[in-house]
Amino acid sequence: MERHGPTVLRVCRAVVGPDGADDAWSETFLSALRAYPRLPAGSNVEAWLVAIAHRKGIDELRARARRAVPTGDVPEWATTGGVPGGWECELWSALRELPLRQRQTVAYHYLAGLPYAAVAEIVGGTPAAARRAAADGVARLRRMLQDTPGGHPAGRAEGEMS
Amino acid sequence: MTEGHGGDLFATLPRRDEDAHRRLHARLAAAAAEAGILDVAYRTVDSPIGHLLVAATGDGLVRVAFAVEDHERVLDRLGRTVSPRVLRAPARLDAVARQLEEYFARRRTRFDLPLDLRLATGFRREVLTRLPAIPYGTTASYATLAAAAGNPRAVRAVGTACATNPLPVVVPCHRVVRSDGTIGGYLGGVAAKWALLALEGAADPGGPARSSDQPANNSSNPPMV
């Protein structure tokens, strides 16, 4: 719990946004506590937790869509910019612009560190498709963050892109 | 872990957000307790002999661990031996923390807490149940304890029982010393044992209870007798 809590929170924040992340995180760990005794020995706990977080994230997004009242005035995600520890708010708002599948694959691969085979198992589809979605997501994030004044040092690594 | 390009995007993202985790943990612990799926609650307590980890099941206090035991490892083992449902839940251990505080402030001479002795079995458990009978501020020898536990020849086994006491401080194995008056070993280090006996007024610094391997350098001492 102590070990995986931070990773799962990063994943939840990336997928459902800082707003619903707390709920998704709590639901994930409550569910994990219930199911843990049935988890086969030797399982990859982190991948298992991310898979639960994936389902809870989708639940959370659906619940939010149901709650949402179309007002034309889209509320901003609560940013945590300025909070000690510096969660990059530009990154969160950029993530929000990505399609869900890209957000998920980026989060599970880059934030949770899961290999694409494991990511594909969670989101469905082939590992190659997961890799493509994550690469598209990262490329798009990079473009967006470059456009943000004072945004992110991501542009520096542009040369790495193939 | 992250391969090639892209990882740098998240490199500046902090690994953890302490405020959020404190908040989320408290909320999870409460929800889990309510749902009856919190099997082991734990917290740490500051003390003059270092941070103590205290853990409790629904039956009572199950573990007190010194910092030298490595709290991470202790929690890991609790997860494997008692239940994987281990959560930091300070509120569940308020009484334990309060009584320890009072003890270290010399305002309490005995603990009044439900104990869960499941981590000790057989003769070891038999020995542990007899330890609270040694009055505050006094000591007993391993030999005396062995006799009291019904096996006068089991002096070494008493030593092992003390050395593997899952509830040190609360179950006072620190009051068990060698027959020759020297202090003997201690799970939390001889210095900690010495400090506890001094706190209780059972040891006179520099007095007869002082043993040759005292006070420091406890890490190289064998765990017992």
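The entries below go through chain A, then chain B.

**Ground rules**

I am working with a predicted model, in which local features need pLDDT of at least 70, side-chain atom pairs count only at pLDDT 80 or more, and totals for chains, interfaces and linings use all residues. Residues are numbered from 1 along each chain as its sequence is written, while chains are lettered from A and ligands numbered from 1 in the order in which they are written.

**Entry 1: chain A as a whole**

I began with the elements, taking helices (H or I, at least four residues) and strands (E, at least two) as DSSP runs, numbered from the N terminus. Chain A has six helices and zero strands, and along its sequence I read α-α-α-α-α-α.

Next I looked up burial. I call a residue buried if 20 or more other C-beta atoms lie within 10 Å of its own, exposed if 12 or fewer, and partly exposed in between, with C-beta atoms placed from the backbone. By that count, 39% of the 162 residues of chain A are buried.

For contacts, I ask that the C-beta atoms of two residues, placed from the backbone, lie within 7 Å. Among the contacts in chain A with a separation of 6 or more, 65% come from residues 24 or more positions apart.

**Entry 2: a loop residue in chain A**

I picked A:A41, which sits in the loop between α1 (5-35) and α2 (45-67) of chain A. Is A:A41 buried or exposed? A:A41 has 5 other C-beta atoms within 10 Å, so I note it as exposed. I also looked up its distance to A:A63, 22 residues along the chain, and found 33 Å between the C-alpha atoms.

**Entry 3: two helices that pack**

Two packed helices are described by the angle between their axes and the distance between the axes. Axes here are lines fitted to C-alpha atoms, for helices over the stretch in contact, and angles run from 0 to 180 degrees between N-to-C directions. I found α2(A) packing with helix α5 (residues 116-123) of chain A at an angle of about 35°, the axes being 10 Å apart.

Which residues make the contact? From α2(A) come A:A47, A:V50, A:A51 and A:H54, and from α5(A) come A:A118, A:I122 and A:V123. I sorted them with Ala, Val, Leu, Ile, Met, Phe, Trp, Tyr, Cys and Pro as nonpolar, Asp, Glu, Lys and Arg as charged, and the others, Gly among them, as polar. That gives six nonpolar, one polar and no charged.

**Entry 4: the sheet in chain B**

I count two strands as paired if DSSP finds at least two bridges between them. In chain B, four strands form an open sheet in the order β3-β2-β1-β4, with mixed pairing. β3 and β4 (86-88) each have a single partner strand and stand at the edges, so one side of each lacks a neighbour in the sheet. From one strand to the next, the twist averages 25°.

I then zoomed in on β2 (residues 52-56) and β3 of chain B, which run antiparallel and are joined by five bridges. B:A55 stands opposite B:R63, and B:A56 faces B:L61. The two strands form a hairpin with four residues between them, and B:G60 in the turn has a positive phi of about 150°. All six of the six residues of β3(B) (residues 61-66) are buried, so this strand is largely enclosed by the rest of the structure.

**Entry 5: helix α3 of chain B**

Which residues of α3(B) (residues 94-104) are buried? They are B:V96, B:L100 and B:Y103. Their arc around the axis, taken from the directions from the helix axis to the C-beta atoms, is only 60°, which puts them on the same side of α3(B). The face turned away from that buried side carries the exposed B:D94 and B:R98. I looked up the cover too: it includes β1 (40-45), β2 and β3 of chain B.

B:R106 is exposed, with 11 other C-beta atoms within 10 Å.

B:V169 is another residue other than glycine with a positive phi, near 75°. I found B:V169 in the loop between α6 (155-163) and β6 (176-177) of chain B. B:V169 counts as buried, with 23 C-beta neighbours inside 10 Å.
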